[in-house]
Structures are given as structure tokens and as C-alpha cells.
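The entries follow the order in which I looked things up.

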Amino acid sequence: MTTQFEATVEIDRPIAEVFAYLADGEHDPEFSPRVMRIEKSPAGPTAVGTVFRSTVKDAGMKTRREFRIKELATPTRIRWEELSKNLVTAAEGGYDLEATADGTTKVRIFNVLEGHGIGKFLVGLAAGAARKDAPAFGQRIKAAAEAAIAR
């Protein structure tokens with residue numbers, strides 16, 4: 001079973017700067033409290049094929065996650081896929097960015113969750129929790145991006 005959650009938020013920063021911030025997955029702990037640590041391979045700018053390895057805490061359990069960037073269309077689109085096979089994974093996820101007339105950036109984030117093994121029974125619960133948190137998650141991204149990107 002697969003299921004999706006998404007959130008949309010408007011960030012008071014220019015699209016190019018928001019794209020650069022979000023493409024650098026090492027910023028994830030700034031807006032995702034579940035990410036305990038993260039590292040990028042190879043070093044340098046994020047590109048198609050860049051892998052982010054993280055340790056996260058979900059439902060009281062620590063797991064290791066591995067995501068690969070599969071598409072970068074500067075400055076409007078970022079896509080990733082999870083390589084790790086935990087009980088519930090993000091088979092696909094991404095950001096869609098759109099410049100607004102007043103110089104802000106509209107950002108849509110989504111993840112398609114997939115269950116593996118017993119996770120097939122848990123994916124609905126995980127998606128429900130993610131959907132419930134989605135508006136707050138979007139606001140955390142907005143606050144972190146606006147704080148990190150100086151005017």
C-alpha cells in the first residue's frame with residue numbers, strides 16, 4: 001500500500017534562494033525534529049545522484065535513512081527517492097517551487113509513503129500522522145528558510 005501527504009507554504013524569500021536552501025538536504029534538521037543527524041555524499045553542491053544519509057527518530061525508534069536526488073530542475077523542482085528499506089519509506093518525494101508576483105516563493109512538499117513487510121499495515125497510520133502534521137511541517141520549513149536566508 002502506498003499513500004501520500006503534502007503541504008503548501010509561501011516563503012517570504014526569492015525562488016532561487018529558497019531552491020538553493022531546500023536542495024541542500026543538510027538543512028533538514030532545521031525544520032524536521034525527527035532528523036537527528038544527516039550527511040551528504042559526495043561533498044559539494046547537490047546534484048542528481050547526491051545521496052543524503054540520516055538517522056531519524058520515528059515513533060520512538062531510531063532508523064537510518066538514505067535518500068538519492070533523482071531530479072533537480074533549477075529553480076522549480078526537486079525530487080528524491082528513498083533507497084533504504086525500513087518498515088515505512090518515502091518511495092518518492094519532492095518540492096515544487098513557484099515564484100509569486102510579489103517576490104515570495106510558493107512551495108509544495110510531498111512524500112509518497114510505502115509500507116514493507118509489517119509496514120504495509122503501518123503505512124496508513126504513518127500517513128495519517130504525516131497528514132496531520134503537514135501544515136505545521138510547512139510552517140517549520142517557512143520559518144527555517146526565512147531565518148536562514150538573509151534579506
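Predicted model: local features only at pLDDT ≥ 70, side-chain atom pairs only at ≥ 80, totals over all residues.

**Entry 1: Leucine 22**

I located leucine 22 in helix α1; helices (H or I, at least four residues) and strands (E, at least two) are DSSP runs, numbered from the N terminus. Residues are numbered from 1 along each chain as its sequence is written, and side-chain values use heavy atoms, with hydrogens and water left out.

I read 4% relative accessibility for leucine 22, which counts as buried; buried means under 20% relative accessible area, exposed over 50% and partly exposed in between, with a 1.4 Å probe and protein chains only. Leaving aside neighbours within four places in sequence, I listed Phe31, Ile78, Tyr95, Leu97, Val107 and Ile141 as the residues in contact with leucine 22, where contact means heavy atoms within 4.5 Å. For leucine 22 and isoleucine 141, I noted a C-alpha to C-alpha distance of 8.9 Å across 119 residues of sequence.

**Entry 2: Glutamate 30**

I found glutamate 30 in the loop between α1 and β2. Its relative accessibility is 45%, so it counts as partly exposed. Which residues touch glutamate 30, leaving aside neighbours within four places in sequence? I found Tyr21, Ala144 and Ala148. The C-alpha atoms of glutamate 30 and alanine 144 are separated by 6.1 Å, although the two residues are 114 residues apart along the chain.

**Entry 3: Aromatic pairs**

Rings of Phe, Tyr and Trp (its six-membered ring) pair if their centres lie within 6.5 Å; planes under 30 degrees apart count as stacked, over 60 as edge-to-face and the rest as tilted. Tryptophan 80 and tyrosine 95 form an edge-to-face pair, with 5.1 Å from centre to centre and 70° between the planes. This pair links distant parts of the chain, since tryptophan 80 is in strand β5 and tyrosine 95 in strand β6, 15 residues apart. I checked burial for both partners: tryptophan 80 is buried at a relative accessible area of 12%, and tyrosine 95 is buried at 3%. I also recorded a cluster of Tyr21, Phe31 and Phe137, linked by ring pairs.

**Entry 4: Lysine 62 and threonine 63**

I placed lysine 62 in strand β4, and threonine 63 also lies in strand β4. Is lysine 62 buried or exposed? I read a relative accessible area of 58%, so lysine 62 is exposed. Threonine 63 is buried, with a relative accessible area of 14%.

Not counting residues up to four places away in sequence, lysine 62 touches Met36, Val56 and Lys57. With neighbours within four places likewise left aside, threonine 63 is in contact with Ser54, Thr55, Val56, Asp58 and Asn86. I noted a polar contact of 3.2 Å between the side chains of threonine 63 and arginine 65. A polar contact is a pair of N or O atoms within 3.5 Å; within protein, one must be able to donate a hydrogen and the other to accept it, and residues adjacent in sequence count only if both atoms are side-chain atoms.

**Entry 5: Threonine 104**

I found threonine 104 in the loop between β6 and β7. At 7% relative accessibility, threonine 104 counts as buried. The side chain of threonine 104 makes a polar contact of 2.6 Å with that of threonine 100 and one of 3.1 Å with that of aspartate 102. Beyond four places in sequence, I listed contacts of threonine 104 with Glu10, Ile11, Asp12, Arg13, Glu98 and Ala99.

**Entry 6: Cis peptide bonds**

I recorded a cis peptide bond from serine 41 to proline 42, with omega near -5°; proline 42 is in the loop between β2 and β3. The bond from threonine 74 to proline 75 is cis, with omega near -5°, and proline 75 is in the loop between β4 and β5.
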